[in-house]
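Subject: A structure for you to explore

Hi there,

I am passing on a structure that I have been looking through. Please open it below, and then read my notes beside it.

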Amino acid sequence: MAPMSDDKPKPEYIDNPHNLQTKAKVMVGRTPEELFKLAEARVEKLKDEFVQILKKECDRLLDFINKADAGDAAGRAAAIKGLRRISHELRGQGGTFGYPLVSQIGDSMVKYLDANEIFNEPELKIVRAHIDAIRAVSATDIKGDGGEIGRALLGELMRILDKVGAAT
Amino acid sequence: MRFEDIGRGMKLYDLSKLSVLIVDDNKFMRSTMFQVLYGLGVRNVMQAQDPNTAIAYVKDSPIDIVISDWDMGPRSGLDLVRDIRAAADSQNRLVSIIMLTGNATRRNVTVARDSGITEFLAKPVSAQSLYARIVEIIENPRQFVKTGDYFGPDRRRKKDEAYEGPKRRSDDQE
C-alpha cells in the first residue's frame with residue numbers, strides 16, 4: 001500500500017462535551033422492558049386516532065388516483081405528488097400502531113412511485129393496486145401480518161409488480 | 001436479531017433529565033414520538049414542525065438529542081443536520097442527532113452518516129428501537145472529527161484492536 005499523500009489535511013478531533021452519562025444514570029436492578037410497556041401503553045392510546053387517519057388517507061388516496069387517471073399532465077403530476085406524500089406517511093406510521101401491512105404496502109408504493117417518471121395507464125393501474133390493498137387493510141381492520149388474508153394481499157401485489165419487473 | 005429482541009439485555013437508564021427535540025412536519029408523528037419518549041421517561045420534550053423552527057431551538061436551548069424526520073418539505077432533515085453542524089455560534093453544534101426515515105436504504109444510511117448524524121432509525125418506530133439508539137448515544141459517545149469536507153461524529157464507531165490489515169486513513173499514518 002502506497003503511503004498517503006502528505007498534502008491531505010489531517011483530521012481534527014474534538015472531544016464531545018455532551019456526555020449524557022452524567023445526566024442519564026443506570027437504574028440498577030431494573031430492566032428497560034418496564035419502560036417499553038409504559039411507552040407502548042401511551043402509543044396504544046393513539047391507535048384509534050391512527051385508524052381514523054388511515055380511513056381519511058384512504059379516501060384521499062382514492063381521490064388522488066382518480067384525479068391522476070382523469071387529469072392532464074400537470075394534474076397528474078400534482079396527484080402523484082399527493083399520493084407519494086400520503087404513502088410515505090403511512091409507511092412510517094402503520095407498524096407503530098400494529099398495522100405492519102400498511103407500512104409494507106406504503107413502502108412498496110413509495111418505491112414504485114420513486115422508480116417511475118412517467119405515469120400512464122399501466123403505471124397508474126399498479127399504483128391503484130397498492131391503494132386497493134391499503135384500503136382493504138383499513139376496511140377490514142387487518143392487524144399484524146394479517147395471516148392468510150395478509151399474505152394473499154401482499155402476494156397479489158408482488159405478482160403484479162413481478163409482471164412488470166418492478167418487485168421491491 | 002428479531003424485532004422483539006431489540007432492547008433486550010440493555011440497562012435501564014433514567015432519561016428524565018434529558019432534553020429532546022422532535023422535528024417532524026407531521027403533527028400526528030410528533031405526538032406519537034412525544035408519547036414514546038414520555039413513556040421511556042424523557043420529561044423535557046420540545047417539538048418543531050420544520051428545520052427552520054428547529055434550528056432556532058437548537059441555537060438557544062440546551063438540547064441533548066435531536067430526533068428529526070428526513071423527508072420533510074421544502075427543507076429536509078438533512079438540511080437541518082447541515083445547519084446544526086455548520087452553526088459555529090450555537091451551543092449545540094455537537095448535539096446528538098437521530099435521523100428518522102421510512103426509506104432506510106444502504107445508500108440513505110451512508111448519505112445521512114456523511115451529513116453528520118449520530119444515529120439512524122428506520123420507521124416505523126418502536127419504543128425498543130428508539131431506546132436502543134438513545135442507549136447507544138449514552139454508552140458510546142463519539143469524538144467529533146473535522147476534515148476537509150466533513151464535520152460530525154467520528155464515523156468509525158470502534159477501533160478494532162485485532163485488525164491487522166492496511167491502515168488507509170491519513171491519521172493512521174502517524
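This is a predicted model: local features need pLDDT of at least 70, side-chain atom pairs count only at pLDDT 80 or more; totals for chains, interfaces and linings use all residues.

**What I found**

In chain B, strand β2 (residues 19-23) runs parallel to β4(B), and the two pair over four bridges. Within this pair, B:V23 faces B:S68 of β4(B).

Residues are numbered from 1 along each chain as its sequence is written, while chains are lettered from A and ligands numbered from 1 in the order in which they are written.

**The sheet of chain B**

The pair above belongs to an open sheet of five strands, in the order β3-β2-β4-β5-β6 of chain B, with parallel pairing. At the edges are β3 (44-48) and β6 of chain B, each pairing on one side only. From one strand to the next, the twist averages 20°; such angles run from 0 to 180 degrees between N-to-C directions, and axes are lines fitted to C-alpha atoms, for helices over the stretch in contact.

α1(B) touches β2, β3 and β4 of chain B, and its direction makes about 170° with that of β3(B). Helix α2 (residues 51-60) of chain B also touches β2, β3 and β4 of chain B, with a direction at about 165° to that of β2(B). Here, residues are in contact if their C-beta atoms, placed from the backbone, lie within 7 Å.

**Chain B as a whole**

Chain B holds five helices and eight strands, and from the N terminus on they run β-β-α-β-α-β-α-β-α-β-α-β-β. Of its 174 residues, 40% count as buried. A residue is buried if 20 or more other C-beta atoms lie within 10 Å of its own, exposed if 12 or fewer, and partly exposed in between, with C-beta atoms placed from the backbone.

Is B:D149 buried or exposed? B:D149 counts as exposed because it has 7 C-beta neighbours inside 10 Å. You will find B:D149 in the loop between β7 and β8 (151-153) of chain B.

By contrast, α5(B) has several buried residues, among them B:L130, B:Y131 and B:I134. The buried residues of α5(B) pack against α1 (33-44) of chain A, and also against β1, α1, β4 (65-69), β5 (96-101) and β6 (119-122) of chain B.

**Where the chains meet**

In all, 47 residues of chain B are in contact with 46 residues of chain A. On the side of chain B that touches chain A, α1(B) gives the most, with eight residues. That side divides into 22 nonpolar, 16 polar and nine charged residues. In this scheme Ala, Val, Leu, Ile, Met, Phe, Trp, Tyr, Cys and Pro count as nonpolar, Asp, Glu, Lys and Arg as charged, and the others, Gly among them, as polar.

Strands take part as well: strand β2 (residues 25-26) of chain A pairs with β1(B) in the antiparallel sense over two bridges. There, A:V26 stands opposite B:Y13.

Enjoy exploring!

Key. Two residues are in contact if their C-beta atoms, placed from the backbone, lie within 7 Å. Two strands pair if DSSP finds at least two bridges between them.
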